[in-house]
Amino acid sequence: MADGHTNRGILSILDWTVVMVTVTATLGLFSFPVAVAPVWRSMLAAFGGELPSATALVLRPWFTPMLAMVPVVLLVIAWRGLASKRISIRRGLIVAAWAWSTAAVAFTLIAGYQPLFRLAGAIQP
């Protein structure tokens, strides 16, 4: 019975779980310039000095929403079955969206904390 559902393109609970994790990460990327970046910008300004290029890029208001658009497009293509009606193609698109959103969140966090990592590395015991 499960094979019959899979062949017809019905997504499983695991597929929907990955979709929800991807949507959550994507919403975080979309909200970053409004919710996190202003606080982070003021905190980093208090340290003084020049920001690393990755941090400056992440703090730009257009960057993280641009990163978030990739998984949105992939999920829409998978959901609408635009690329293919085959479940394997749709699952591949869902996994690609998840991988991109996870990598984008990781990059955003690492780039944002990079000045703190440098500061901590400069402390001498």
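Contact here means heavy atoms within 4.5 Å. The model is predicted, so local features need pLDDT of at least 70 and side-chain atom pairs count only at pLDDT 80 or more, while totals for chains, interfaces and linings use all residues. Residues are numbered from 1 along each chain as its sequence is written, and side-chain values use heavy atoms, with hydrogens and water left out.

**Exercise 1.** Find which residues Thr 64 is in contact with, leaving aside its neighbours within four places in sequence.

*Solution.* Step one: locate Thr 64 in helix H5 (residues 63-80); helices are DSSP runs of H or I, at least four residues, numbered from the N terminus. Step two: list the contacts, which are Leu 29, Phe 32, Pro 33, Val 58 and Thr 108. Step three: check burial. Thr 64 has a relative accessible area of 0% and is therefore buried (buried is under 20%, exposed over 50%, partly exposed in between, with a 1.4 Å probe and protein chains only).

**Exercise 2.** Describe the largest nonpolar core.

*Solution.* A nonpolar core is a set of buried Ala, Val, Leu, Ile, Met, Phe, Trp, Tyr and Cys residues joined through side-chain atoms within 4.5 Å. The largest has 13 residues, and Phe 32, Trp 40, Val 58 and Leu 59 have the most contacts inside it. At least two of its residues come from each of H2, helix H3 (37-47), H4, H5 and H6. Apart from this core lies another of nine residues, including Val 19, Leu 74, Ala 78 and Ile 87.

**Exercise 3.** Identify the salt bridge and place its two ends.

*Solution.* The rule asks for a side-chain nitrogen of Lys or Arg within 4 Å of a carboxyl oxygen of Asp or Glu. The count is one salt bridge. Asp 15 pairs with Arg 91, their closest N and O atoms being 2.8 Å apart. Asp 15 is in helix H2 (residues 13-35) and Arg 91 in helix H6 (residues 87-122), 76 residues apart, so the pair links distant parts of the chain. Asp 15 is buried at 8% relative accessible area, whereas Arg 91 is partly exposed at 26%.

**Exercise 4.** State where confidence in the protein chain is lowest and where highest.

*Solution.* pLDDT is the predictor's confidence in each residue, from 0 to 100. The chain mean is 88, and 92% of residues reach 70 or more. Helix H1 (residues 2-7) has the lowest mean, 46, and helix H4 (residues 53-58) the highest, 96. Over residues 1-7 the pLDDT is below 50. Where pLDDT is low, the predicted coordinates should not be read in detail.
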